[in-house]
Structure formats: structure tokens, C-alpha cells
Protein chains: 2
Amino acid sequence: MTQDILSFQCPIPLDEYPYVVMGHGGGGRLSHQLIEQMIAPALKNPYLDGHDGAVLGPVDGKIAYTTDSYVVNPLFFPGGDIGKLAVYGTVNDLAMCGALPRYLSLGFIIEEGFSMNTLWKILVSIGIAARETGVQVVTGDTKVVDKNKGDGIYINTSGIGVVPHNLRIAPDQVKTGDKIIISGDIGRHGMCIMSQREGLSFESDISSDCAPLAGVTAELVQNVNVHCMRDLTRGGLVSALLEIAGVSKTYMEITEEHVPVNSNVAGACEILGLDPMHVANEGRFIVFVPPVDAQRTVQILQQHDIAQHARIIGTVANGTPGSAVACNAFGGRRILSMFSGEQLPRIC
Amino acid sequence: MTQDILSFQCPIPLDEYPYVVMGHGGGGRLSHQLIEQMIAPALKNPYLDGHDGAVLGPVDGKIAYTTDSYVVNPLFFPGGDIGKLAVYGTVNDLAMCGALPRYLSLGFIIEEGFSMNTLWKILVSIGIAARETGVQVVTGDTKVVDKNKGDGIYINTSGIGVVPHNLRIAPDQVKTGDKIIISGDIGRHGMCIMSQREGLSFESDISSDCAPLAGVTAELVQNVNVHCMRDLTRGGLVSALLEIAGVSKTYMEITEEHVPVNSNVAGACEILGLDPMHVANEGRFIVFVPPVDAQRTVQILQQHDIAQHARIIGTVANGTPGSAVACNAFGGRRILSMFSGEQLPRIC
């Protein structure tokens with residue numbers, strides 16, 4: 001979708017309400033105006049009927065359920081914005097469970113004085129991302145907090161997906177011998193946000209990798225024996241590996257040179273003293289499959305634009321359970337450990 | 001439940017981390033410590049297994065889905081706290097759809113520097129409220145925002161319920177002739193929060209009415225022909241009546257003297273220039289039933305502690321569609337209109 005969200009005009013007259021006021025979260029006339037004139041038109045679907053909750057049709061199969069809040073700063077960045085992120089992020093968490101995303105909830109916490117026009121742009125972006133990923137935003141809530149008690153806007157989404165198969169796709173399914181496959185280069189999203197915030201400039205802007213993953217994961221689940229999938233969000237590749245190693249009580253070995261990193265991302269990481277393997281992504285993931293399925297997995301991934309540089313980066317091997325090691329071309333071995341988490345604040 | 005949440009000791013050593021730091025939301029080591037040592041133990045259930053989302057068993061029937069964010073200030077108040085509110089509020093929205101609440105998601109947005117011990121108290125309160133209402137918190141997320149970009153803690157919950165019947169319980173089911181029944185006195189929660197915040201003192205503190213409603217609504221749905229239910233949260237009784245009148249294109253007439261208001265609440269409203277019918281509640285609701293079911297509805301309600309003062313307050317009558325009128329004993333008639341919404345900020 002390349003639809004320019006700026007081409008939609010804010011339905012609430014900006015000369016009357018240029019800014020969000022406390023009353024827009026108070027449950028009275030202003031709340032209703034916001035819901036009826038802005039939120040419902042942007043997210044249009046039959047479930048938004050003015051009731052406290054949505055009653056959805058019966059779901060055929062198991063359901064997957066997830067939530068995330070989005071506090072990214074800045075709200076707009078190369079390759080995305082907080083609204084798109086709030087849809088893709090939750091859709092991707094459902095995709096990682098092997099589910100088909102169906103329904104979203106949407107909660108806004110808006111700071112008094114936030115630009116009404118910016119709120120509209122975010123809503124339009126959410127609407128476009130929801131249509132693109134085939135989900136419906138069926139229930140929502142808006143709260144307004146006092147000036148200086150927020151930071152523009154925070155968004156929570158939760159999501160419900162349908163699991164159309166009987167496979168268990170989860171960290172505890174990972175087995176010794178499994179191949180570890182990555183869907184593309186790492187560190188774009190985190191370095192995009194950090195370089196915007198720190199005012200770093202490179203030959204070309206680093207663009208976020210934020211992308212919806214449910215299409216490619218659905219195809220994987222149908223065609224190969226997926227043991228586990230994990231998107232590489234906060235904490236990056238290292239956190240994902242160590243979390244899964246911890247739950248599955250396995251040991252992981254990756255080849256550092258096989259992990260793709262864009263040169264601008266590598267440059268930004270060097271300036272800020274960060275390891276790209278710790279940096280967050282919003283459209284990259286790893287897949288664990290038995291060796292027999294590894295090549296087929298790479299092939300399927302590479303047929304999708306968002307995973308065209310997919311490759312095998314490592315193996316679940318024999319070693320200390322719960323740990324992971326990065327090997328390099330010179331025979332060096334580096335034990336991977338989680339960073340504390342303070343280096344990359346508010347990147348999603 | 002009268003369990004004193006203060007009797008549980010914070011599992012994270014307070015001399016090491018007396019306050020929440022940015023890293024607790026960064027996806028690294030500190031995030032994991034928070035989840036493993038505090039959040040998982042407080043909310044203990046088999047679904048919290050360290051995956052991005054929870055895969056739940058198949059649901060038999062239609063599902064109800066809702067969300068709310070909680071930004072109440074102060075965080076602790078007579079009769080409740082933000083944690084309890086975040087569970088009850090979402091459980092109640094599901095109850096109003098005629099659903100049995102089953103699963104919750106939980107999203108924290110915490111301000112850097114927030115007391116770790118207070119976070120623990122809130123988590124314990126959430127755990128107790130979840131057990132009390134029979135729901136499981138199966139997925140969650142924690143974000144930390146910079147000092148002065150939040151206000152202690154904001155909480156989002158979403159909820160999934162099961163609809164164990166084929167009735168449609170919704171505003172568009174309300175019909176002319178229906179009786180309007182209220183479950184108890186109004187205005188407690190809003191006036192509890194406002195009097196705490198404004199430093200008003202009365203002979204006795206006003207205690208919030210916050211209470212879980214799914215038990216009594218389940219009994220109602222089994223025994224009477226419920227057309228619609230609505231909890232009287234933000235916007236109070238007037239917003240609820242007007243919203244439902246708007247959707248169902250009906251006209252509502254209530255008798256003002258029949259709407260119960262506690263004398264301390266009435267006093268606080270007078271001081272602050274508020275109409276109790278606009279003030280938020282967290283444990284009161286109205287039910288629309290055909291006249292033949294009205295007495296039975298009142299009887300069922302009165303058997304529950306949380307609705308022992310239930311009574312009929314009005315009728316869906318012939319009149320201007322989408323409007324509501326309050327009649328008084330002297331023959332006066334007052335057209336009800338929504339307030340703008342700025343008078344009662346951050347009461348939930």
C-alpha cells in the first residue's frame with residue numbers, strides 16, 4: 001500500500017478543535033464526537049456499533065491472543081509510524097503463534113493538547129494497515145491525560161487470531177539439530193528510531209523494516225514442519241535466541257557472518273556503541289525447523305519481498321542448555337548475553 | 001476477598017531496584033527479571049509461558065471482546081486501586097454483552113522512577129481480582145517511558161468472554177415499553193476519586209462502588225429476557241441512556257426520585273457543581289427488559305450484595321427518538337443532555 005495518508009482530511013473541524021482536550025476522553029459529548037466522526041470512519045466495520053464490547057462470530061479452532069503497547073518516539077519515522085507499528089506488531093505476534101490474525105482492539109492514551117490532525121493521520125494509518133493485513137479493529141477505548149503526563153500518544157493493541165491447524169508452534173518445541181533461519185537483515189528498526197532521535201545522518205536514511213508477517217508465516221506453517229518462530233523485536237536477535245534456548249533447554253550456535261546487517265545500520269551501531277544483534281526489528285523473524293525442512297523454508301521465505309534475503313544462520317546443537325554462542329570466520333566463539341535493556345529506550 | 005495485598009512482599013529486592021528504570025521495558029535482562037520474578041508469580045497460570053502470544057483452547061460459542069485503558073489518578077482510593085479497576089472494568093464490559101469473562105491481556109505503561117513496591121501491590125491486586133472473577137491473564141506487555149512522560153502507571157486490559165447463548169443483548173434490541181432497571185445508587189466512584197483529588201472531606205469517606213458484575217449478569221441472562229445492559233462508567237447514567245436511545249432510536253423517561261444517590265455523594269456533587277447522573281460508576285449498571293420481566297429482574301438483582309438496592313427507574317416510552325427525559329415528583333420534566341466531558345478527568 002502506498003496510499004498517502006496525508007491526502008485524507010481530518011473530519012473534526014480543526015478551527016474548532018485543533019488539539020485534543022481532556023473532554024475527548026471524558027465519556028460525554030466530546031468523546032462521542034471523536035468516536036463517531038473520526039475513529040469509526042477510519043476503522044469502518046460492522047462491529048463498531050457503540051456497545052461496550054464486540055460480540056464476534058464463533059471461531060473455528062483454537063484462538064491465539066496477544067497484546068502490546070506502543071510508546072515509540074518519534075511517532076513518525078522513515079518506513080512507518082506508531083499507528084502502522086501498532087497494527088503490524090500485534091499481527092506479527094499472532095503470526096509467530098502460527099495463527100491467522102482476525103480481530104484487534106485499540107486503546108489510545110492521548111496527552112491533552114495533542115494535534116487533532118496528527119491523531120487523524122495515525123487513525124488513517126491504522127485503518128490502512130488493518131485492511132492490508134486483513135484484520136478488523138472491533139473494539140476500542142480513548143483516554144486523555146493531562147499535559148505533561150504523557151508524550152503525545154501511546155497506543156495499545158491486542159489481537160485475536162485463529163489457529164487453523166493442530167501443530168504446537170512454541171519455544172518448547174525446539175529440538176537439538178533444528179536449523180535456525182533468519183528472514184533478513186537485522187537492526188533497521190531500532191537504528192532508524194535511534195538515528196532520528198540522536199540526529200545522526202547517513203548517506204541515506206535508515207528505513208524501518210516494519211512489515212506484516214502473517215502471510216509468509218501462514219505459508220510456512222502449511223509447507224514445512226515449523227517448531228518455533230519469533231519476531232526479533234525488543235532485545236533483538238540475542239534476546240530471541242536466549243529466551244527460546246531458556247524455555248527449550250537447548251544450546252544455540254550461530255555463525256556471525258551469516259547474519260545480514262546493512263552497512264548504514266552497522267555504521268549507526270558503531271557510533272552508538274551497540275551490537276546489531278541486540279537491536280530491535282519490526283519485520284524480521286527467526287524460524288526453527290528440522291534440518292530436512294531447512295532449504296525449503298529458505299526458498300519459501302525468499303519468494304516474499306519481506307524475506308528475500310532469508311538464510312540459515314545456525315543450529316540448535318549440543319552444549320550448555322539455555323545458552324547461545326556466535327562463531328566467527330576466524331574460529332572465535334562469543335557467548336551471547338542479554339543486554340540490560342536501557343540502551344534502546346522507546347523504540348516501539 | 002479481603003486479602004490484604006500489603007502482606008505480600010515484593011520479589012525483586014527493593015534495595016537493588018527501588019524504582020522502575022528504562023531497562024525494565026527494554027526487552028533485555030531487566031525486562032526478563034521483571035516478568036519472571038514479579039509478573040508471572042502474581043498472575044500465575046499455564047498460559048504465561050514466555051511466548052509472544054497465548055494459544056488458548058477452542059471456544060465453544062461466540063466470543064465477546066473488549067478493551068479499556070486505565071489512567072485513574074490517584075492510583076489507590078477508598079474501595080479499590082487501578083489494578084482492581086483494570087480487571088473489574090474489562091470483566092464488566094464483557095458481562096454487559098451477556099458473556100462469561102475468560103481471558104485478559106494486560107499492558108503496562110510505566111513512568112521511569114515508579115516505585116517497584118507499588119508496582120508489586122498493583123500486580124497482587126490484579127492477581128486477586130482475576131482469581132475472584134474467574135479470568136486468567138494470559139498475555140501481557142510492559143513498556144517504560146521517560147520521567148515526566150507518564151504519571152506513575154497506566155494500564156490497558158483487553159478481555160475475551162464466551163457467549164453461552166444465542167440471545168442478542170445490545171442497544172439495538174431495546175424496544176418501546178421496556179422497563180429500565182438500575183442496580184444501585186449512582187455517583188460513588190466518580191465522587192470518591194474527585195473528593196480524594198480535590199481534598200474534600202465528608203463525615204465518612206466516599207468509597208468507590210467498583211465491583212465485578214459478571215455473576216449477576218449471568219444469572220439475569222439465564223432467567224429473564226434481557227434486551228440490553230450497560231454499566232454506568234464514564235458519562236454516568238445520562239450518557240448510557242442517551243447512547244442506547246440513539247442506537248435503538250427510542251425515547252427514555254426516568255423518574256429522578258427513583259434514582260438512588262447516597263447523601264455524601266450528593267453533597268460532593270453539590271460542592272463541585274456536578275449532577276450525579278453524569279458521574280461515573282464502576283459497579284452499577286442498567287438493564288432493559290420487557291415489562292413482564294421487570295419484577296423478576298429486580299428480585300434477582302436484589303439477591304446480590306452488589307445490587308441489593310436495585311429498582312425500576314423508568315420506561316422506554318413514546319417520544320422523540322434518541323432522547324431522554326427525567327421527570328420529578330412535582331411534574332417537572334428535564335431533557336437530559338450529555339455533558340462535554342471535561343468536568344471529571346481521569347476517574348478511571
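**Between the chains**

Modeller: Happy to! Across the interface of chain B and chain A, the salt-bridge rule finds eight salt bridges. Keep in mind that this is a predicted model.

Biologist: Nice. Which side chains meet in a salt bridge at 2.5 Å, N to O?

Modeller: That would be A:Asp146 and B:Arg346, whose side chains form a salt bridge at 2.5 Å, N to O.

Biologist: And how many residue pairs are in polar contact across the interface of chain B and chain A?

Modeller: The rule finds 37 residue pairs there, with both residues at pLDDT 80 or more. As for the residues on the side of chain B that touches chain A, 34 are nonpolar, 28 are polar and 18 are charged.

Biologist: How many residues does the contact take from each of chain B and chain A?

Modeller: Chain B gives 80 residues and chain A gives 79 residues. The area buried between the two chains is about 6,200 Å², and carbon and sulfur atoms account for 56% of that area.

Biologist: Which three residues supply more than any other three of the area that chain B buries against chain A?

Modeller: Those are B:Asp52, B:Tyr65 and B:Arg234, which supply 13% of the area that chain B buries against chain A.

Biologist: Why do you say the copies meet through the same surface?

Modeller: Because 99% of the interface residues of chain B are also interface residues in chain A.

Biologist: Okay, switching to a single chain. Which domains does the assignment give for chain A?

Modeller: Domain 1 covers 2-163 and domain 2 covers 171-335. Taken over C-alpha atoms, their centres are separated by 29 Å. The contact takes 22 residues from domain 1 of chain A and 23 residues from domain 2 of chain A.

Biologist: What area is buried between those two domains of chain A?

Modeller: About 1,700 Å², with carbon and sulfur atoms giving 68% of it. On the domain 1 side of chain A, A:Pro78, A:Asn92 and A:Met96 supply 37% of the area buried against domain 2, more than any other three residues.

Biologist: Which elements of domain 1 of chain A each supply at least two residues of the side that touches domain 2?

Modeller: Helix 2 (82-96), strand 5 (100-111) and helix 3 (116-133) of chain A. The largest share, nine residues, comes from helix 2 of chain A. By class, that side of domain 1 of chain A has eleven nonpolar, seven polar and four charged residues.

Biologist: Last topic, the backbone. Where is the peptide bond in chain A that is cis, with omega near 5 degrees?

Modeller: It runs from A:Asn73 to A:Pro74. A:Pro74 sits in the loop between strand 2 (62-70) and strand 3 (76-77) of chain A. In chain B, the peptide bond from B:Asn73 to B:Pro74 is cis, with omega near 5 degrees.

Biologist: And what phi does A:Arg346 have?

Modeller: A positive one of about 50 degrees, although A:Arg346 is not a glycine. Most residues other than glycine have a negative phi. A:Arg346 is in the segment after strand 14 (333-335) of chain A.

Methods
Residues are numbered from 1 along each chain as its sequence is written. Chains are lettered from A and ligands numbered from 1 in the order in which they are written. This is a predicted model: local features need pLDDT of at least 70, side-chain atom pairs count only at pLDDT 80 or more; totals for chains, interfaces and linings use all residues. Side-chain values use heavy atoms; hydrogens and water are left out. Contact means heavy atoms within 4.5 Å. Domain bounds come from an automatic or database domain assignment. Buried area is the accessible area (1.4 Å probe) that two parts lose on being put together, summed over both. Helices (H or I, at least four residues) and strands (E, at least two) are DSSP runs, numbered from the N terminus. Ala, Val, Leu, Ile, Met, Phe, Trp, Tyr, Cys and Pro count as nonpolar, Asp, Glu, Lys and Arg as charged, and the others, Gly among them, as polar. A salt bridge is a side-chain nitrogen of Lys or Arg within 4 Å of a carboxyl oxygen of Asp or Glu. A polar contact is a pair of N or O atoms within 3.5 Å; within protein, one must be able to donate a hydrogen and the other to accept it, and residues adjacent in sequence count only if both atoms are side-chain atoms.
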